[in-house]
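Have a look first, then read on.

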Amino acid sequence: MTKKVNKRELDDLDDDVFEEEDDEDLSSGPLFDPVSGMPIEGEKPRTFSRKEAIDILQTTRDFSGLDFRKANLAKLDFSNCNFQTSNLSYANFKDSNLEGCNFANCSLWNANLEGVNLTRANLEDADLDYTKLRGACLFRANVRRATLPTDLIPRDEIMRSVNEGTRISR
């Protein structure tokens, strides 16, 4: 048996289909709360983008626990931001201002920190192995128990930057 459908019912069915498609578009928004910068409960973790970083900078400046692997964050002012326990592996911070940032227990493995200002930054227990630091200034930075890129840059040069404010030349 087939049911006959009149034109009005068919139009109503088409509207329902379009409404469902519109609902799907609305649900594909960001996976983080723009006010708190934290992932929305129940959403699977993912890597954040430069645009999302800028949104967080304009609100909370709290990046703790977020994943910014391979993100291009060059030439931004992140001064006094909290990146504690974040994954910033392969991130590009070239020429950014990271003064006073908290990178405690953070992964900066193989990140590009060339020309950055890390004055008074907390890098305690951070992983900076293979990180590019040419031109960076680490004046008064806390590097206690941090994994430093000593295969690329002599520890003396890093400590001179921490103590005297000189820029790293290698």
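**Helices, rings and confidence**

E52 lies in helix 2 (residues 50–57); helices are DSSP runs of H or I, at least four residues, numbered from the N terminus. Residues are numbered from 1 along each chain as its sequence is written. This is a predicted model, where local features need pLDDT of at least 70, side-chain atom pairs count only at pLDDT 80 or more, and totals for chains, interfaces and linings use all residues, while side-chain values use heavy atoms, leaving out hydrogens and water.

Q: Is E52 buried or exposed?
A: Buried means under 20% relative accessible area and exposed over 50%, with partly exposed in between (1.4 Å probe, protein chains only). E52 sits at 10% relative accessibility, so E52 counts as buried.

Q: How far is the backbone nitrogen of S49 from a polar atom of the side chain of E52?
A: E52 belongs to helix 2. From a polar atom of its side chain to the backbone nitrogen of S49, the distance is 2.9 Å.

Q: Why is the pair F78 and F93 called edge-to-face?
A: Rings of Phe, Tyr and Trp (its six-membered ring) pair if their centres lie within 6.5 Å; planes under 30 degrees apart count as stacked, over 60 as edge-to-face and the rest as tilted. The structure holds ten aromatic pairs. For F78 and F93 the centres are 5.5 Å apart, and the pair is edge-to-face because the planes meet at 75°.

Q: What is the angle between the planes of F83 and F103?
A: F83 and F103 are both buried. Their rings form a stacked aromatic pair, 5.0 Å centre to centre, with the planes at 10°.

Q: Which residues of helix 3 are exposed on the face turned away from its buried side?
A: Start with the buried ones: E157, I158, S161 and V162. The face turned away carries D156, N163 and E164.

Q: Where in the protein is confidence lowest?
A: pLDDT is the predictor's confidence in each residue, from 0 to 100, and the protein averages 84. Over residues 13–30 pLDDT stays under 50. Where pLDDT is low, the predicted coordinates should not be read in detail. Helix 3 has the highest confidence, with a mean of 96, and the lowest, with a mean of 43, is in helix 1 (residues 7–27).

Definitions and conventions. Helix = DSSP H or I, 4+ residues; strand = E, 2+ residues; numbered from the N terminus. Polar contact = N/O pair within 3.5 Å; in protein donor to acceptor, adjacent residues only side chain to side chain. Contact = heavy atoms within 4.5 Å.
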